[in-house]
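Please look first at the sequence and then at the model that accompanies it.

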Amino acid sequence: MAGASSQQIATQAASRFPAPITPGLPILQDLTGLNQAYGEVQAEEIIQWGESTFANGMVMSTSFGIQSAVMLHLVTTVAPNTPIIWVDTGYLPAETYRFA
């Protein structure tokens, strides 16, 4: 989905995903069904679904480790108003503290 706008991602995601989860209901009601619905979905679409489902309740946590870079890029591209919560592990190089 490279080069797609957030609106294009949202439109495609809306057609592929089930309706947003109703607050107060267990999220993992049907693990097999969720795996079937989301197993082949692009990461950008899942982020868009999360934003539309959880609205202002969606946050991302990061330790700013190597594995975080891709998710930070995806989330800040697709859902740029998502708050980022930094989990400081105490093991990061000095450059990370200067960047953060």
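Is Ala55 buried, partly exposed or exposed? Ala55 is partly exposed, because its relative accessible area is 48%, where buried means under 20% relative accessible area, exposed means over 50%, and partly exposed lies in between (1.4 Å probe, protein chains only). This is a predicted model, in which local features need pLDDT of at least 70 and side-chain atom pairs count only at pLDDT 80 or more, while totals for chains, interfaces and linings use all residues. Residues are numbered from 1 along each chain as its sequence is written, and side-chain values use heavy atoms, with hydrogens and water left out.

Ala55 lies in the loop between helix 3 and strand 1; helices (H or I, at least four residues) and strands (E, at least two) are DSSP runs, numbered from the N terminus. Although Ala55 is not a glycine, it has a positive phi of about 45°.

Val59 is also found in the loop between helix 3 (43–54) and strand 1 (60–62). With a relative accessible area of 45%, Val59 is partly exposed. Together with Ile85 and Val87, Val59 forms a nonpolar patch on the surface, with about 240 Å² of accessible area in total. Accessible areas come from the Shrake-Rupley method with a 1.4 Å probe.

The largest nonpolar core has 8 residues, including Ile47, Met58, Leu72 and Leu74. Helix 4 (residues 68–78) supplies the largest share of this core, 4 residues. A nonpolar core is a set of buried Ala, Val, Leu, Ile, Met, Phe, Trp, Tyr and Cys residues joined through side-chain atoms within 4.5 Å. Leaving aside neighbours within four places in sequence, Leu74 is in contact (heavy atoms within 4.5 Å) with Ala43, Glu44, Ile47 and Ala79.

Finally, the structure holds 2 aromatic pairs. Rings of Phe, Tyr and Trp (its six-membered ring) pair if their centres lie within 6.5 Å; planes under 30 degrees apart count as stacked, over 60 as edge-to-face and the rest as tilted. Trp49 and Phe54 form an edge-to-face pair, 5.9 Å centre to centre with 85° between the planes. Trp49 is buried at 14% relative accessible area, whereas Phe54 is partly exposed at 37%. The rings of Phe64 and Trp86 have centres 5.5 Å apart and planes at 85°, so this pair is edge-to-face. Phe64 lies in the loop between strand 1 and helix 4 and Trp86 in strand 2 (residues 84–86), so the pair ties together parts 22 residues apart in sequence.

Technical notes:
Patches are made of residues with over 30% relative accessible area and no salt bridge: like charges are joined within 9 Å, nonpolar side chains (Val, Leu, Ile, Met, Phe, Trp, Tyr) within 5 Å. A salt bridge is a side-chain nitrogen of Lys or Arg within 4 Å of a carboxyl oxygen of Asp or Glu.
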